[in-house]
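The following paragraphs lead through a protein chain from its overall build to selected residues. Please keep the sequence and the three-dimensional view at hand while reading.

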Amino acid sequence: MARIKMAYIGGGSSRAAGTMASFLWHGPEFAGSEVVLIDKDPERLEIVRRIAEKLAAQGGDGITVTATTDQRAGLTDVDAVLTSFRPGNFDARALDERIPIKHGVIGQETQGPGGFFMALRSINDMRGITDDLQAVAPNAVIFNYTNPVNIVSQAVADYTPIPIYSMCEGPLVFPPVVLRAAGLDPERARVTMAGVNHNCWSYEHLYDGKDVMPLLEAAWEERKDDPTLDDNSKRALHLAVVMQSIPSDYFNYYYFRNEVFRAQQAAPRTRSEVIMNEVPGYWDHYREQAESSHPELDPARSRGGIHELELAIDVMSAYYNDTGARLPVNLPNAERALPGFDAETVVEVYCTVNRKGCHIEPQQPLPLAVRGITRQLADYQMLAAKAAWEGNRADAIRALIANPLVPDLAVAEPLYDEMAAAHSAYLPERLLR
């Protein structure tokens with residue numbers, strides 16, 4: 001099995017304890033490996049280190065865990081880097097969600113203006129990470145979970161020679177939402193989705209080997225007035241039937257924009273503000289477990305449960321153990337494997353993963369009805385990556401107005417300036433002028 005040196009940037013985050021539990025659950029696949037936890041918060045980093053060190057000892061796979069706040073030192077000679085961090089923490093996310101609403105625009109973590117500013121902050125930090133890697137670990141591979149994963153991956157792919165594979169469970173978890181809403185068993189379905197991260201659609205959707213759409217259409221007729229069907233499931237089923245393609249949940253923001261916006265306006269707290277109330281409880285639990293001789297994470301008291309970032313670990317295992325596993329990955333669209341998208345565009349597609357990398361499996365075109373919005377979001381992704389890596393205010397506004405959730409320039413410019421001022425501590429000066 002693979003014996004590697006892996007750095008985990010974000011090793012003191014609220015998801016880190018669950019991520020290390022997930023990695024160590026896969027311990028036999030990485031026997032004898034070394035994990036370096038890296039974070040800017042020394043107290044929380046130490047809590048996660050103590051939990052992970054004890055879990056590793058219990059696992060008996062010879063995995064060692066260390067921790068450091070010195071990023072470059074921690075990255076020295078690593079084979080792999082797992083990145084999952086949030087510059088500005090949940091306070092910044094709350095601004096991403098709250099400020100756009102003032103301007104009549106949906107506020108969301110990875111979509112629209114909120115996602116754009118998260119990309120600007122994340123890529124600002126990612127530049128430092130890639131600079132350090134090129135200096136002290138030039139052969140390392142990045143396995144990225146930092147959002148928005150598509151824009152972060154696009155920037156690193158466009159501006160550095162460092163291989164980066166970004167992951168998100170979306171293509172695995174979106175189809176069951178629609179299928180269960182229709183009363184169907186996801187285990188009997190084969191659904192293949194593609195597009196850009198958080199904005200993918202199915203081009204293959206079979207149930208017992210036959211097209212699932214007639215079953216979804218019948219289910220929609222039965223359930224469209226069913227008060228027991230939750231809003232998210234109802235919208236996803238409705239959209240699948242109208243567009244004849246199973247959607248990412250995130251398309252609710254585009255195809256049900258007015259009702260989603262009204263709900264956000266009426267809500268007393270944003271999603272981030274809800275999470276911020278829960279975070280202290282997670283750390284109370286982690287502190288208790290760090291003191292325990294045999295830590296045992298309670299999924300209900302651990303942010304994201306105890307199998308966090310598992311897809312990234314699956315891809316990492318398939319890569320270093322040369323398994324040839326079939327998994328969804330975000331990576332450049334080599335040889336225009338996904339028809340209708342440029343070769344340079346980072347797309348989310350199913351790949352075969354082995355020691356030579358992630359290889360895009362043969363793709364079908366997206367249905368015509370959904371291709372346009374996905375291509376628009378792909379173009380926005382390219383512009384956002386450029387603005388974040390090397391651009392100024394003008395580049396950033398050009399990128400922001402390319403996002404379908406931003407209605408016009410009269411909204412884009414004051415919205416950008418207010419958000420840039422709010423996030424100025426996490427942005428380079430060139431983006432503020």
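The chain contains 16 helices and twelve strands; helices (H or I, at least four residues) and strands (E, at least two) are DSSP runs, numbered from the N terminus. Its radius of gyration is 21 Å, close to the 22 Å that the globule rule gives for 433 residues, so the chain is as compact as a globular protein of that length. The radius of gyration is taken over C-alpha atoms, and the globule rule is 2.2 Å times the number of residues to the power 0.38. The model is predicted: local features need pLDDT of at least 70 and side-chain atom pairs count only at pLDDT 80 or more, while totals for chains, interfaces and linings use all residues. Residues are numbered from 1 along each chain as its sequence is written, and side-chain values use heavy atoms, with hydrogens and water left out.

Along the principal axes, the C-alpha atoms fill a box of roughly 55 × 55 × 45 Å. Of the 433 residues, 59% count as buried, where buried means under 20% relative accessible area, exposed over 50%, and partly exposed in between (1.4 Å probe, protein chains only). Among contacts with a separation of 6 or more, 72% are made by residues 24 or more positions apart; contact means heavy atoms within 4.5 Å. The accessible surface comes to about 17200 Å², and carbon and sulfur atoms account for 48% of that area. These areas come from the Shrake-Rupley method with a 1.4 Å probe, and for residues only the protein chains shown count as cover.

Within α4, Arg93 is buried, at a relative accessible area of 6%. Leaving aside residues up to four places away in sequence, Arg93 touches Arg86, Glu109, Arg121, Arg271, Ser272, Ile275 and Arg303. After α4 comes Gly104, with a positive phi near 80 degrees. Asp417 and Gly128 are 289 residues apart along the chain, and their C-alpha atoms are separated by 25 Å.

The backbone has several features to inspect in the loops. Most residues other than glycine have a negative phi, and most peptide bonds are trans. A cis peptide bond joins Asn147 and Pro148, with omega about -10 degrees; Pro148 lies in the loop between β5 (141–144) and α6 (149–159). Asp77 has a positive phi, near 65 degrees, and sits in the loop between α3 (71–75) and β4 (80–83). With 57% relative accessibility, Asp77 counts as exposed.

The loop between β10 (325–332) and β11 (346–354) holds Glu335, which has a positive phi of about 55 degrees although it is not a glycine. Glu335 is exposed, at a relative accessible area of 80%. Ala334 lies in the loop between β10 and β11 and counts as partly exposed, at 46% relative accessibility. Beyond residues up to four places away in sequence, Ala334 touches Ala343 and Ile360. Ala334 and Thr345 are eleven residues apart in sequence and 8.7 Å apart in space, C-alpha to C-alpha.

Finally, how many disulfides does the structure hold? It holds zero, a disulfide being a pair of cysteine sulfur atoms within 2.5 Å. Cys168 is in no disulfide, and the nearest cysteine sulfur, that of Cys200, is 7.7 Å away. Cys168 is buried, with a relative accessible area of 14%. Cys358 is likewise in no disulfide; the nearest cysteine sulfur belongs to Cys351, 5.4 Å away. Cys358 is buried, with a relative accessible area of 9%.
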